Amino acid sequence: MIRVRNEELAYQFWTYTDWYGQDPEFKINRGSDRFVYLPGQGIIGGSFDFYFYFHRKKLPIGYADFMQNIKEEKVMIADNYK
């Protein structure tokens, strides 16, 4: 559980799809690996690790940063829920 605006409780979930043994096209467009759900509102945030991983050479993020984001379970949350 995480707290969002006004101390509301939201829930963070992991989706599970193996990164290995998948078609490369699927890995590039896999969707959110983690998402945040707020009861009564729906999904208000998520992580898009696949995007940052496959575009890391174009972004100011290295492999170590990518792995740290996963270990810390970082997600992007819509501004109006921060």
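This is a predicted model: local features need pLDDT of at least 70, side-chain atom pairs count only at pLDDT 80 or more; totals for chains, interfaces and linings use all residues.

Trainee: Which class does Leu59 fall into, buried, partly exposed or exposed?

Mentor: Leu59 counts as partly exposed, because its relative accessibility is 27%.

Trainee: And what does Leu59 touch, leaving out residues up to four places away in sequence?

Mentor: Tyr51 and Phe52.

Trainee: Switching topic, how much space is in the second largest pocket?

Mentor: About 170 Å³. Helix 2 and helix 3 are the elements that give two or more residues to its lining.

Trainee: Which residues line that second largest pocket?

Mentor: Among them are Arg34, Asp49, Phe52, Phe66, Asn69 and Lys74. By class, the lining has six nonpolar, two polar and three charged residues.

Trainee: Tell me about Arg34. Is Arg34 buried or exposed?

Mentor: Arg34, in strand 3 (residues 34-38), counts as buried because its relative accessibility is 0%.

Trainee: What does the side chain of Arg34 reach?

Mentor: The backbone oxygen of Lys74, at 2.9 Å. Beyond residues up to four places away in sequence, Arg34 also touches others, including Trp14, Asp49, Asn69 and Glu73.

Trainee: Last one: what makes up the largest nonpolar core?

Mentor: Seven residues: Val4, Ala10, Val36, Leu38, Ile44, Ile77 and Tyr81. Leaving aside neighbours within four places in sequence, Val36 is in contact with Ala10 and Ile44, and its other contacts include Ile2, Tyr11 and Val75.

Terms used: Residues are numbered from 1 along each chain as its sequence is written. Side-chain values use heavy atoms; hydrogens and water are left out. Buried means under 20% relative accessible area, exposed over 50%, partly exposed in between (1.4 Å probe, protein chains only). Contact means heavy atoms within 4.5 Å. On a 1 Å grid over the protein atoms alone, a cavity is a set of points where a 1.4 Å probe fits but cannot get out, and a pocket is an open set with protein on both sides within 12 Å along at least five of seven lines; lining residues have an atom within 4 Å of a point. Grid points are joined across faces, edges and corners, and a volume is the space filled by probe spheres set on the points. Helices (H or I, at least four residues) and strands (E, at least two) are DSSP runs, numbered from the N terminus. Ala, Val, Leu, Ile, Met, Phe, Trp, Tyr, Cys and Pro count as nonpolar, Asp, Glu, Lys and Arg as charged, and the others, Gly among them, as polar. A nonpolar core is a set of buried Ala, Val, Leu, Ile, Met, Phe, Trp, Tyr and Cys residues joined through side-chain atoms within 4.5 Å. A polar contact is a pair of N or O atoms within 3.5 Å; within protein, one must be able to donate a hydrogen and the other to accept it, and residues adjacent in sequence count only if both atoms are side-chain atoms.
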